[in-house]
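Here are my comments on the model you sent. They are set out as numbered points, to be read next to the structure.

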Amino acid sequence: MAGGCPRHFTNSQQEGRENLLFLQQLINGLQLGSIYALIALGYTMVYGIVRLINFAHGDIYMIGAYTGYMIATRLNWPFLPCLFAAMVFCAVLGMTIEKIAYRPLRSAPRIATLTTAIGVSLLLQNLVRYFIGPNYIPFPELFKRQSYVIYSAGSGLGLRTLTVSNIQIIVLVTALTLMFLLQFIVRKTKTGKAMRAVSFDKDAARLMGIDVDRIITITFAIGSSLAGAAGVLVGIAYPRIDPGMGVLAGLKAFVAAVLGGVGIIPGAMFGGLVMGSAETMVLAYGKSTYRDAIAFTILILILLFKPAGLFGKSVSEKV
Amino acid sequence: MKNVSIRIMALCLVLALIVSLVGCTKAPVQTTVKEIVIGVVAPMTGDVATFGKSTRQGVELAVKQINDKGGINGSTVVIKAEDDKNDPVEAANAALKLISKDKVIGIVGSVASKCTLAAAPIAQSNKIPLISGTSTNEKVTQVGDFIFRACFIDPFQGLVMAKFASENLKKTTAAVLFDIDNDYTKGLAEQFKLNFEKMGGKVLAYETYGKGDQDFNAQLTKIKSFGPEILFLPDYYNTVGLIAKQARAQGIKAIFLGGDGWDSEDLVKIGGDAIEGGYFSNHYSPDSTSPEAVSFRSAYEAAFKATPDALAALAYDAANILMEGIKQAKTTDGTAVRNAMAGLKNFKAVSGNVSFDSNRNPIKGAVILKVQGGKQVFEAVINP
């Protein structure tokens, strides 16, 4: 901030301005974090139940964005049907991938499934490159962007207002709604109970009469539909999509999932919001070049001191 | 009868071949060749693919016009084009392939400075002249004496926009937001800041982001807190569109300024209303009235059913400068062609009359365009 602040600020004015700046940056961070959180929710679910880091998850998110794009431009559907259609399409895609690529490898060593996941990721990216094109596409405007001033500190120099845009609200609300919905499914429904059982002990669950394959398919469907929703929201918030958009976003979401404790749903939500806010704060008060470095340093520190993640309980490995 | 004449011809050809092969060891390089091959390196796919398309069409038009007039000193010109995907590694590979496999006499390309900077050392060490249409970074031609360009350089665009902001718009405060991973945007940002401050203006915020970033809210909030009158965004169209939208959503009212990276139809598709009223510097405007520009525009429109942009005009100029060099050198020897190109004086090009300075940068003026009603409107000419 050196040299930035005009001299005639009094101390209290200066402080108020800094507080406003901080709050505004926090709002910015929550927007970014909500998107990480949405992708992380799917990651964490799949990992929690199948113990598979689904590297193709970020690319399903990309397909979600493209599905939203196709539906919005070809059929001119409004936001909610568009979001819903992208979620359904990604759910079907997730189930198909699970059936074709992962199910035959269910009993194979974990490294084989992991490699397959990377293969699926590259396949999805290149299919989009081939059929739709490798270039950036402008995402259509489903909403008119609007900003609301939620707090105003009168006129004067510096940042005097706190603004929230409708897009920030939509992204955050959608993320929270989906998280609660997910939590409800996992905690309160019979399928959810079965999911938890499969996650706890696959063989025991099978002995209890649970159709493990069906539960895993449902898990993939739900996880992928969340990624699809995230894709459409990103298209709205940052209207530029391309086939490679899922790679870094997927990686960040994965970090967010680990941060909160892989397999724990509120953990993924929290991890995503922490990641988004941390990145924004680094940009706001540090240098843009340090952003990813600091995000990943946080990850390393958490893994060092709390290996099971912030929300995780450490469990001794069964041998 | 026919058979005999064919045999005689074949014999002559074989003899000529032997003579030329023997001659090659001592005599100067063969001067008459059937085909003159020139290479094109441009991003045909990737994040700035529309740049590659324009570049290639510009070169194609120039070559077609030369060939229609009988080629260069009786030889037909052939284009070999390579895609660099806007990736420096691919650009270096493309240059190597064109030189070693396709045996090109000269190269036109690439578009982005980072790619040309990667391809140039290969052309330089093989003594093959390389001329970029649009790489504006200062360092490009400093690679060596075989490297040319048809456009003005980064410092000049930064200076032009600083001059435009303080003299034409009469503004005194500005903020800069640029991609720290890209030499092009960094060069423009540095020179804008330097010159704007030299002209008495104040740069209140000087913020950066990284390649591929989509979220600029943190930096924009910081910029908003200083309330600048000008926001300088020297990046390519797709990123500028995103930044403009987020800036307006935050309530930033500054005037947006930028460089020639804005020149694409997609700028308005991504930026929408937010980019309205922005100004950027460019090498060329289709509304230019010089006879070369008028005839270029009509030929381009007839050939490609599209209005030429600056990339097409500069690629067209670059190809013509290279071919003029080959014509004047009367040989395909790289060093002779280079010398002929460096010696050009007031060569009548579409984007202005070109002479080269000692660093092989052309000396000419710049145009300022305004984004208005989703279109580019000619605003002013700024001279160095």
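**Notes on the two-chain model**

1. B:Lys330 is partly exposed, because 14 other C-beta atoms lie within 10 Å. The scale behind that label calls a residue buried if 20 or more other C-beta atoms lie within 10 Å of its own, exposed if 12 or fewer, and partly exposed in between, with C-beta atoms placed from the backbone. B:Lys330 sits in the loop between α12 and α13 (334–342) of chain B. The phi of B:Lys330 is near 55°, a positive value in a residue other than glycine.

2. On the source: this is a predicted model, in which local features need pLDDT of at least 70 and side-chain atom pairs count only at pLDDT 80 or more, while totals for chains, interfaces and linings use all residues. Residues are numbered from 1 along each chain as its sequence is written, and chains are lettered from A and ligands numbered from 1 in the order in which they are written.

3. B:Lys103 also has a positive phi, near 55°, and is not a glycine. Its place is the loop between α3 (88–100) and β3 of chain B. B:Lys103 counts as partly exposed because 14 other C-beta atoms lie within 10 Å.

4. A cis peptide bond runs from B:Gly109 to B:Ser110, with omega near -15°. B:Ser110 belongs to the loop between β3 (106–109) and α4 of chain B. Please check this bond in the viewer.

5. Chain B as a whole has 13 helices and 14 strands. These elements are DSSP runs numbered from the N terminus: helices are H or I of at least four residues, strands E of at least two. The C-alpha atoms of chain B fill a box of roughly 90 × 40 × 35 Å along the principal axes. Of the 384 residues of chain B, 57% count as buried.

6. How do the strands β1 and β2 of chain B pair? Strand β1 (residues 35–42) and strand β2 (residues 76–83) of chain B run in the parallel sense over eight bridges; pairing requires that DSSP finds at least two bridges between two strands. B:Glu35 stands opposite B:Thr76 in β2(B). With helix α2 (residues 49–68) of chain B, β1(B) and β2(B) make a right-handed β-α-β unit. Right-handed is used where, with the strands pointing away from the viewer, the path from the first strand over the helix to the second runs clockwise.

7. Helix α8 (residues 217–226) of chain B is mostly covered, with ten of its ten residues buried. Among the buried residues of α8(B) are B:Lys222 and B:Lys224, as well as B:Leu220, B:Ile223 and B:Phe226. After α8(B) comes B:Gly227, with a positive phi near 55°.

8. Chain B is assigned domain 1 (35–152 + 288–364) and domain 2 (155–282); the bounds come from an automatic or database domain assignment. The centres of domain 1 and domain 2 of chain B, taken over C-alpha atoms, are separated by 29 Å. Between them, 13 residues of domain 1 of chain B are in contact with 14 residues of domain 2 of chain B, a contact being two residues whose C-beta atoms, placed from the backbone, lie within 7 Å. On the domain 1 side, α4 (113–125) and α12 (310–329) of chain B each supply at least two residues. That side divides into five nonpolar, four polar and four charged residues. Ala, Val, Leu, Ile, Met, Phe, Trp, Tyr, Cys and Pro count as nonpolar, Asp, Glu, Lys and Arg as charged, and the others, Gly among them, as polar.

9. Between the chains, 31 residues of chain A are in contact with 32 residues of chain B. The chain A side draws at least two residues from each of α1 (11–50), β3 (161–165) and α10 (265–285) of chain A. α1(A) gives the most, with seven residues. The chain A side divides into twelve nonpolar, 13 polar and six charged residues.

10. Chain A has eleven helices and four strands. Of the 319 residues of chain A, 49% count as buried.
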